[in-house]
Amino acid sequence: MNLISTKNFGLPNWTCLLALLGMLAGFTVSPCSESPSSAIAADDVYRYKHDQAVVAEIDRLIKQSWEDNEVTPSGQADDVTWLRRIYLDLAGHIPPLNKVEEFLKDKSEHKRARVIDELLDSNSYTENWTTIWTNELIGRQTPDRTSRPGMQKFLREAFAKNRAWDEVVYDILTAEGHFEENGAVNYLLSQMTMRDEGVQATAKTTRVFLGVQVQCTQCHNHPFNDWKQDQFWEFNSFFREARRVDHDRIDPETGQEVDDYSELIVNEDSYSGPVYFEKRSGLMQVAYPKYFGEAVEFDKGKPRQHVLAEAIKSDPNNQLARAMVNRMWGHFYGYGFTRPIDDMGPHNPASHPVLLEYLTEQFVKADYDLKMLVRWITNSAPYQLTSEFNSKNEIDDPAAGEMPLFSHMYIKAMQAEQLFDSLLIATNAEGMSQANYAQAARRRNQWLQQFVTTFGTDENDESTSFNGSIPQALMMMNGELVDTAVSCEPGSLLHQVISSDAKDTRKIQQLYLATLCRTPNGRDMAAVKQLFRMNRDPLVAYQDLFWALLNSNEFMFIR
């Protein structure tokens, strides 16, 4: 049965659904009295104690900022709200229904810390962070002659093995070869779609890996910080030896040349001199390879990209670590210590400079261990808080331009991939497919491309607001994925719930848990009862309810 088409809805049904959606749009979170847990796996005493010490220092510095700004933090988020948040932030999708029910039954003190560890060891963590960094490095829309599978393979292996972040960056910046045999080359290949003498690669590398925006200094000195025009071209000179080579082949069916593969080559002889650039005055000036204005040592025969990568790794200022700490904090809270997260410097002071420097120091001491950094952030006190304001922290509103104090959780909109994967989890859509893996993957990619095109942007800005357009709303209301989800086909979650012997109240609770990770409150149940009274067919009522939950604001936001 297909209930999504608006032709099947009478006015009473729509009135009920809109009322339910309106109530869900104003969702609330009840505070929980449980204390935040910073306990980690018991089989590693050293890591346990070290993590506790770092988390305690994070909490101390954050609480000091609350006192200094005379704010009182919000209460603890309840268990299901926190569980939904951590799944979306770490695994990239909402928790399955069975995991929600298991977590609610678990009464142990350290269950939140255990969930964090379980997710960090899961395939979902690897896939989620592979997606995040593939989008960051080459964009959601794959550039010409660039291998997305190659980039994903490299990143998947890096996150699965929890490789040190400085080593990962080193490999990306020094990569050479075939775009699928060495997937790391796709980062620079994606920045070489135009013959721009490494300008894109220069701007992207400094922004993504070092957290500084230097693109405007290509033509003039930076208006707000100490960056000069020559510093852009000093960085740029590191990329002048890299070349992309595109290979074609003859299609045996058409006899025409088609794309075959691309590779990145580094030839020291191809560019051995300095870079010349034109100043605004019209004069030409020379720029030699320098790292933040500091001269670097060149060994005979060593490519310039290797020299840059080594300078980044050995930087006594630890800018690579600082940029990653800021980026990771921003991922989990919606706001980093600077806004934007990739524009750090004296012109843009951090909201919590002491905490930023402390975490940078600890991250370096931990050998750039990303999972350890994640544990520190997600076990800290502010990550346990509800998203609700109270009368003592209303000024903590970064969306209004205020400095973030992290006295409550900031609501984030789902990214396109999070929304898609959460719809799959909530509806068990993947379990409905009887096709082989390749066909299922192809169908999944087609679905995801629709969401990426509508919801995604290549800028990858901080996700702190969701501006739903009419096409976005129509896709959610009438799109194929939601349409399939509420069709009640065998294998779908809706079919499993309706076919069970449970009472209607229990079935309704399961639909709420599967989508919103909470049970319905009194107002919800009143609206649901009215919806059921309006429908003579119970199946249609359940389909209407499931559709409304999937299209609610509460489903699409991380709180």
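Me: Before we start on the sheets, what has to be found for two strands to pair?
Reply: Two strands pair if DSSP finds at least two bridges between them. Strands (E, at least two residues) and helices (H or I, at least four) are DSSP runs, numbered from the N terminus. This is a predicted model, in which local features need pLDDT of at least 70 and side-chain atom pairs count only at pLDDT 80 or more, while totals for chains, interfaces and linings use all residues. Residues are numbered from 1 along each chain as its sequence is written, and side-chain values use heavy atoms, with hydrogens and water left out.

Me: Thanks! Over how many bridges do E3 and strand E5 pair?
Reply: E3 belongs to an open sheet of 3 strands in the order E3-E5-E4, with antiparallel pairing. Strand E3 (177–178) and strand E4 (242–250) are at the edges with a single partner strand each, so one side of each has no neighbour in the sheet. His178 has Glu263 in E5 as its bridge partner. For E3 and strand E5 (residues 257–266), the antiparallel pairing runs over 2 bridges.

Me: Which residue in the turn of the E6 and E7 hairpin has a positive phi?
Reply: Strand E6 (residues 275–278) and E7 run antiparallel and are joined by 4 bridges. The hairpin has 5 residues between its strands, and the one in the turn with a positive phi, about 95°, is Gly282.

Me: What accessible area do Tyr276, Met284, Val286 and Tyr288 have together?
Reply: Patches are made of residues with over 30% relative accessible area and no salt bridge, joining like charges within 9 Å and nonpolar side chains (Val, Leu, Ile, Met, Phe, Trp, Tyr) within 5 Å. Tyr288, in the loop between strand E7 (284–287) and strand E8 (290–291), is partly exposed at a relative accessible area of 49%. Areas come from the Shrake-Rupley method with a 1.4 Å probe, and for residues only the protein chains shown count as cover. The nonpolar surface patch of these four side chains comes to about 450 Å².

Me: Is helix H5 largely enclosed or largely open?
Reply: Buried means under 20% relative accessible area, exposed over 50%, and partly exposed in between (1.4 Å probe, protein chains only). Among the buried residues of H5 are Lys111, Val115, Ile116 and Leu120. Since 8 of the 10 residues of helix H5 (residues 111–120) are buried, the rest of the structure leaves this helix largely enclosed.

Me: Which residue forms a salt bridge with Asp121?
Reply: A salt bridge puts a side-chain nitrogen of Lys or Arg within 4 Å of a carboxyl oxygen of Asp or Glu. The closest N and O atoms are 3.7 Å apart, and the partner is Lys371. Asp121 lies in the loop between H5 and helix H6 (123–138) and its partner in helix H15 (residues 370–379), so the pair ties together parts 250 residues apart in sequence, ending at Lys371.

Me: How far apart are the closest N and O atoms of Glu554 and Arg559?
Reply: Glu554 counts as buried at 1% relative accessibility, and Arg559 is buried too, at 5%. In their salt bridge, the closest N and O atoms are apart by 2.8 Å.

Me: What is the mean pLDDT of the chain?
Reply: pLDDT is the predictor's confidence in each residue, from 0 to 100. Of the chain's residues, 80% reach 70 or more, and the mean is 84.
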